[in-house]
Amino acid sequence: MQFQKLRDFISNKFFVIPEASSSPERYKALRRNITILMLFVTIIPLALMATINYYQYKNSLQSEVINPLRILTNKTKLSFELFLEERISTLKFITSAYSYEELNDENIINDILIVLKKEFDGFIDIGLIDDKGIQISYAGPYSLEEKDYSNQPWFHKVILDGDHISNVFLGYRKFPHVAIAVQSYSDDSCCWMLRATIDTKKYNELIAAMQLEPLSDAFLVNNEGILQTRSRLFGNELEPCPIEIPVGGGETNIIEATDNEGNEIFIAYSHFVDTDYTLVVVKPSSLILKTWFTFRTEIFFIFVGSVLIIMIIVFKLTDIQVNRIRQAEEKHELAFRELEHSQKLSSIGRLAAGVAHEINNPLAIINQKAGLLQDILTSGSGSSNSERLLKVTQSIVQSVDRCSVITHRLLGFARRMDVEYEELDINEVINDVFGFLDQLALHRNIKIERKLDDSLPKISSDRGQLQQVFLNILSNAYAAVDEGGSVCVESYPKGEENICIAIKDDGKGMSKEEMSRIFEPFFTTKIGYGTGLGLPITYGIVNKLGGKISVDSEEGIGSTFTICLPLKSKSIKIENNE
Amino acid sequence: MSVKLLILDDEKDFVESLAERLSLRDFKVKTAFNGEDALKIMEENEFDVIILDVQMPGMDGIEALKRIKETNQLAHVLMLTGHATVQTAIDGMKQGAYDYLMKPIETKELINKLMEAYSLVEEQKERIRKAEIDNIMKNKGW
């Protein structure tokens, strides 16, 4: 149901153009709808494709760029862990290899430190701490013998866990270092431990080994969020790290965040298993996604460019299409109107002929009866009564005559006359007709202007019928102009196959409504004396001769009748209007 | 010598008044309202001119014309048509009609044409008489 409704809505909205609306609006609506529809079906898939491409590319690019970061982070974390593990193992080895007493010997512990420094990076000092937390033996650059560590939290942690790696601290020495401590594993004594400090230089080396780009950063941070190594972005050791690293998750994780300056960054972090360190690698997304940005720009420009091209094409195409439709419709409408008009004329003509024919017979009887009455009255004795009757019969005969003129013209209008073609000079025909009308023109003081083109070729047509045509139109023109008006006749060639004759008067003209009806039988403005058949007959004749007659008129300014005739007669079949 | 005339038309009123008017003008008029009647009347009478309506129910004008021409009458035929098809008139004239008239007819024109036709018939009759006389003269044998 919903679907049906939607379909109806769309088809109503887009494909049904209201017929009643006036043409320009109709075509505007059509143009708008086609444009919208075309843009819709072209731009939507394009946009869809661009969006899908965008996200897919983004995803694949991210995984491609981020995975190395993850691997790097993980590897570095493992290096750190290995490094620390190594140190603890070393200490554990020492506690196993040497007894409490041996380590308490200053010489031995110094020897051990020398070996440690030689063989392992980062060892600074080493000390033996008894079960009360007192450092009883020490080898290293500082004099830390007899130092009490029993209050330190790491001391208790070592007792609990067996070993411990401290956070980075400055301690008494005022440079960052890490303390590692292991509990003794010898059988006899349980509670002594070996403590060594390591320079964090090694940490920095490990981070440097990551070979990060200049804008990237990597550092260690402890669970309290205190930097353990120097961060390029967030400050020195032991300063709090401004970014919050999520707790938990043994794997290397990557999150997106923004730094203090609002730049987008990727943060890769990995928690250490044994210590509360977290390795953090920070990379600006701009760096990672540089290619991505180029791609995004490219895709944007391609999309915008395509849309522009599509729009230009759509608008152009729609314009062409709509204009074509418009022309076709106009042509169709014109042809239809012409057909309608000629059909109307022909059916009216047929009707008129039928009526005229039927009326003719009774008219003949009336005529005969009246004539008979006249004859009787003339031959009889002339009483005063019979004279009156004679007058009456005369007026009957006159009326019948008038009727018969009408019926004859009607029949003439419908009659299928055979056209007798001959080669004739159209100007000669026009001059002949003017000859018939000279008296009338003179009488009414009408100015006649003849602009006849002498170079016109002869045409093949019917002289008698052309004379009737010009006679009809010229009489109308004479009737239309006031006394002293002017009538202009012009003949000129039109194209290679037609000649035209324009008859122009400066008479009273016609309204549009009149103009559209003048070729209809019985339409007349000469109320009382016009039959309304002159122009229909003219129209019929011109049509029959293969020509065209048109009229152009403006009220108060005058009318122009233009008759175009073919040079060579095309035999046109005219309906048999009996 | 008055003109002997036959009017053949299906419009009774028309025929009668026309006949009366022409009688008043010293024509000897007989009337018929259909082709068969006309042919019957023609068997008994001789006419100078026959006025014939083109359109009639039953035997139409052209048909009647043919039948009339088949008889021995010298009479000329005037076609009467209420129907301005020149073609019908031309057809009729090709079949031997003398002329045609369109309804409603002017009495003057009708009489003119009648007289024309009559004079032609008279001329013809005259020639026939002459020929007969010549023939008699040749054969009289002196």
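Helices here are DSSP runs of H or I at least four residues long, numbered from the N terminus. By that count, A:Gln374 sits in helix α8 of chain A, which covers residues 290–379. The model is a predicted one, so everything below is worked out from predicted atoms.

Start with A:Gln374 itself. Is this residue buried, exposed or partly exposed? A residue needs 20 or more other C-beta atoms within 10 Å to be called buried. A:Gln374 has 19 such neighbours inside 10 Å, so it counts as partly exposed. Setting aside residues within four places in sequence, its contacts are A:Leu390, A:Thr393 and A:Val397. The C-alpha atom of A:Gln374 is also 7.5 Å from that of A:Gln394, although the two are 20 residues apart along the chain.

Zooming out, chain A comes to 13 helices and 16 strands. Of its 578 residues, 29% are buried.

Now for the nonpolar cores. In soluble globular proteins, nonpolar side chains tend to be buried together. The largest core in this model has 50 residues, and the members touching the most others are A:Ile126, A:Ile180, A:Leu194 and A:Val280. Take A:Ile180: leaving out residues up to four places away, it touches A:Arg87, A:Ile88, A:Leu91, A:His164, A:Ile165, A:Ala196 and A:Ile198. There is a second, separate core too, with 45 residues, including B:Leu6, B:Ile7, B:Ala19 and B:Ile50.

Back in chain A, helix α13 (residues 534–544) is mostly covered, with nine of its eleven residues buried. Among them are A:Pro536, A:Tyr539 and A:Gly540. What does this helix pack against? One partner is helix α11 (residues 463–480) of chain A; the two lie at an angle of about 145°, with axes 9 Å apart. Their crossing is left-handed. On the α11(A) side, the residues that meet α13(A) are A:Gln465, A:Gln468, A:Val469, A:Asn472, A:Ile473 and A:Asn476. From α13(A) come A:Gly534, A:Leu535, A:Ile537, A:Thr538, A:Ile541 and A:Val542. Sorted by class, this contact has six nonpolar residues, six polar ones and no charged ones. After α13(A) comes A:Gly546, with a positive phi near 85°.

Chain B has a helix worth a look as well. Helix α5 of chain B runs over residues 107–139, which makes 33 residues. From first C-alpha to last it reaches 47 Å, close to the 48 Å expected at 1.5 Å a residue. Its buried residues are B:Lys113, B:Leu114, B:Ala117, B:Tyr118 and B:Val121. These pack against three strands of chain B, namely β3 (49–53), β4 (76–81) and β5 (99–102).

Finally, a word on backbone angles. Most residues other than glycine have a negative phi. A:Asn445 is not a glycine, yet its phi is positive, at about 60°. A:Asn445 lies in the loop between α10 (426–444) and β11 (447–452) of chain A. Why does A:Asn445 count as exposed? Because it has 10 other C-beta atoms within 10 Å, and exposed means 12 or fewer. In chain B, B:Asp26 also has a positive phi, near 70°. The place of B:Asp26 is the loop between α1 (12–24) and β2 (28–32) of chain B. With 10 C-beta neighbours inside 10 Å, B:Asp26 counts as exposed.

Methods. Residues are numbered from 1 along each chain as its sequence is written. Chains are lettered from A and ligands numbered from 1 in the order in which they are written. This is a predicted model: local features need pLDDT of at least 70, side-chain atom pairs count only at pLDDT 80 or more; totals for chains, interfaces and linings use all residues. A nonpolar core is a set of buried Ala, Val, Leu, Ile, Met, Phe, Trp, Tyr and Cys residues joined through C-beta atoms within 7 Å. Two residues are in contact if their C-beta atoms, placed from the backbone, lie within 7 Å. Axes are lines fitted to C-alpha atoms, for helices over the stretch in contact, and angles run from 0 to 180 degrees between N-to-C directions. A crossing is left-handed if the near helix is turned anticlockwise from the far one by less than a right angle, and right-handed if clockwise. Ala, Val, Leu, Ile, Met, Phe, Trp, Tyr, Cys and Pro count as nonpolar, Asp, Glu, Lys and Arg as charged, and the others, Gly among them, as polar. The expected span of a helix is 1.5 Å times one less than its number of residues.
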